[in-house]
Amino acid sequence: MNNIGVFVLFFCLTTTHLLSLTNAKHKSKAHHSPAYTPSGTHAILTVNNFARGGDGGGAAECDGKFHPLPQRVVALSTGWYNHGVRCGRMIKIKARNGRSTVAKVVDECDSRHGCKNNVVDASQTVWKDLRLNTNDGEVPVTWIML
């Protein structure tokens, strides 16, 4: 094989390797949530205050409003939020203790800026319905669309 053939072979192998690294990096981006499963999607429940001045920041992404207690509302991780496709829809959340409740999707928990990719960020009323302690911070749950 001449020098040009060796160069072409080296170039092709290097390009293929770099493309595979780029694709692997793209697939692992934090804002890609696990696939939604209609029989129950595993998630981590976190607590959020959706009221004006609460730790949720500004108004909800879906409707531009604040949602004070006792509203049952959630923010979904970026991938599950899916550009607002689930805005205004109801989800059923089930805790490991067997308790479940229903809440309305009103916001995005932005996985590109600090939120994990598998979060259902819920109001304190949701936690109370599930008989969970908000001091735990993160609790495994499953959720489905209604």
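**A tour of selected side chains**

Begin by selecting Cys-109 and Cys-115, both of which are buried. The model on display is a predicted one. A disulfide connects Cys-109 with Cys-115, and the distance from sulfur to sulfur is 1.9 Å. Viewed along the S-S bond of Cys-109 and Cys-115, the torsion is about 100°, so this disulfide is right-handed.

Next, select Cys-62 and Cys-87. These two residues form a disulfide with their sulfur atoms 2.0 Å apart. Here the torsion about the S-S bond is about -80°, so the disulfide of Cys-62 and Cys-87 is left-handed. Cys-62 is found in the loop between β1 (41-47) and β2 (73-77), while Cys-87 is found in the loop between α2 (78-81) and β3 (90-95), so the pair ties together parts that are 25 residues apart in sequence. Cys-62 is partly exposed, at 26% relative accessibility. Cys-87 is likewise partly exposed, with a relative accessible area of 26%.

How many disulfides does the count come to? The count comes to 2 disulfides. With bonded cysteines counted along the chain, the disulfides follow the pattern 1-2, 3-4.

**A serine in strand β2**

Now select Ser-77, which is placed in strand β2. Is Ser-77 buried or exposed? Its relative accessibility is 0%, so Ser-77 counts as buried. Leaving aside residues up to four places away in sequence, Ser-77 touches several residues, among them Ser-33, Ser-111, Asn-117 and Val-119. Both Cys-109 and Cys-115 from the opening stop are also touched by Ser-77.

**The aromatic rings**

For the next stop, which residues do ring pairs link into a cluster? The cluster consists of Tyr-36, Trp-80 and Trp-143. Select these three residues and show their side chains. The count of aromatic pairs comes to 2.

Consider Tyr-36 and Trp-143 together. Their pair is tilted, with 5.0 Å from centre to centre and 40° between the planes. Tyr-36 lies in the loop between α1 (3-27) and β1, and Trp-143 lies in strand β6 (residues 139-145), so this pair ties together parts that are 107 residues apart in sequence. Tyr-36 counts as partly exposed, at 25% relative accessibility, whereas Trp-143 counts as buried, at 1%.

Then turn to Trp-80 and Trp-143. The centres of these two rings are 5.3 Å apart and their planes stand at 70°, so the pair is edge-to-face.

**The last stop**

Technical notes. Residues are numbered from 1 along each chain as its sequence is written. This is a predicted model: local features need pLDDT of at least 70, side-chain atom pairs count only at pLDDT 80 or more; totals for chains, interfaces and linings use all residues. Side-chain values use heavy atoms; hydrogens and water are left out. A disulfide is a pair of cysteine sulfur atoms within 2.5 Å. Helices (H or I, at least four residues) and strands (E, at least two) are DSSP runs, numbered from the N terminus. Buried means under 20% relative accessible area, exposed over 50%, partly exposed in between (1.4 Å probe, protein chains only). Rings of Phe, Tyr and Trp (its six-membered ring) pair if their centres lie within 6.5 Å; planes under 30 degrees apart count as stacked, over 60 as edge-to-face and the rest as tilted. Contact means heavy atoms within 4.5 Å.
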